[in-house]
Amino acid sequence: QRRTLESQIPAKGNSFDQLKRKFADEFTRTVNDTLNEIDEAQIGAAAGHISRSRLILISGFGSSGLVARDLQTKLLRLGFTALFLDDAEILRSMCATLTAEDLFIAISFSGSTKYLLDDVAVARKNGTAVIGLTSYPDSPLAAASTQTLLTTADEQQLRLGAMVSVVAQYLVVDILISYLAKQDRERTEERIISIYRKSVSGENA
């Protein structure tokens, strides 16, 4: 475990330029590898699940929760009914009410977050489709999901904190949102303009 952490922490003798280059190289590799992993069929299938759903429940814990919340915000702006939860007890109760008309999007870098896996099982038992976003294709989350969207990040589960893995998750989310937006470009533009005007008028009220 100590060796795993030591490989992530720069040596004292490394210059600041070396530190910047290391991050630039890792971010570039992560973006390129994730783009190579994701294809249009996968994004199209996920978009289909979202478009058909009455309610989209989204969850993730820790850094994945930040990405999950971002996904909720962007889906709301597109006109979908989306709800982000990261309270384990409330999430469990909500999953128990899901039906085949709903969708559960579970985000976990490791794909092994116990709280999330328990809730996925509850949702699947109700006939709810589940999209899992993870970096591990052989993880329990990938196995339990109706559909899996994979990110590729060279990051250990024992780590300083989420770094390039979050970049990969945001990348997949933004590709998915852009794909959904272009399905009905005029409606998307009208909604964004409407939200902007209402928020501006609210600030000036």
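Tutor: Let us begin with a definition: a residue is buried under 20% relative accessible area, exposed over 50%, and partly exposed in between (1.4 Å probe, protein chains only). Lys 74 has a relative accessible area of 23% and is therefore called partly exposed. Please keep in mind that this is a predicted model, in which local features need pLDDT of at least 70 and side-chain atom pairs count only at pLDDT 80 or more, while totals for chains, interfaces and linings use all residues. Residues are numbered from 1 along each chain as its sequence is written, and side-chain values use heavy atoms, with hydrogens and water left out.

Student: What makes Asp 70 and Lys 74 a salt bridge?

Tutor: A salt bridge is a side-chain nitrogen of Lys or Arg within 4 Å of a carboxyl oxygen of Asp or Glu. The N to O distance between Asp 70 and Lys 74 is 2.9 Å, so the pair meets that definition. The two residues are 4 apart in helix α4 (residues 63-77), which separates them by about one helical turn. Helices (H or I, at least four residues) and strands (E, at least two) are DSSP runs, numbered from the N terminus.

Student: What do Arg 54 and Glu 101 tie together?

Tutor: The side chains of Arg 54 and Glu 101 meet in a salt bridge at 3.7 Å, N to O. Arg 54 lies in the loop between α3 (40-52) and β1, and Glu 101 in the loop between α5 and β3, so the pair ties together parts that are 47 residues apart in sequence. Glu 101, at 51% relative accessibility, counts as exposed, while Arg 54, at 46%, counts as partly exposed. The whole structure holds 11 salt bridges, and Arg 92, Lys 114, Asp 118 and Asp 119 are linked in a network of salt bridges.

Student: How do you know that β4 and β5 pair?

Tutor: Two strands pair if DSSP finds at least two bridges between them. Strand β4 (residues 129-134) and β5 have 4 bridges in the parallel sense, so they pair. Within this pairing, Gly 132 stands opposite Thr 148 in β5. The open sheet has 5 strands in the order β2-β1-β3-β4-β5, with parallel pairing.

Student: Why are β2 and β5 called edge strands?

Tutor: β2 (82-84) and β5 (147-150) each pair on one side only. On β5, Gln 147 and Leu 149 point one way and Thr 148 and Leu 150 the other, and all are buried.

Student: Where is the pLDDT under 50?

Tutor: pLDDT is the predictor's confidence in each residue, from 0 to 100. It stays under 50 over residues 1-6, and over residues 158-162 it is also below 50. Where pLDDT is low, the predicted coordinates should not be read in detail. The mean pLDDT of the protein is 87, and 87% of its residues reach 70 or more.

How values were computed. Contact means heavy atoms within 4.5 Å.
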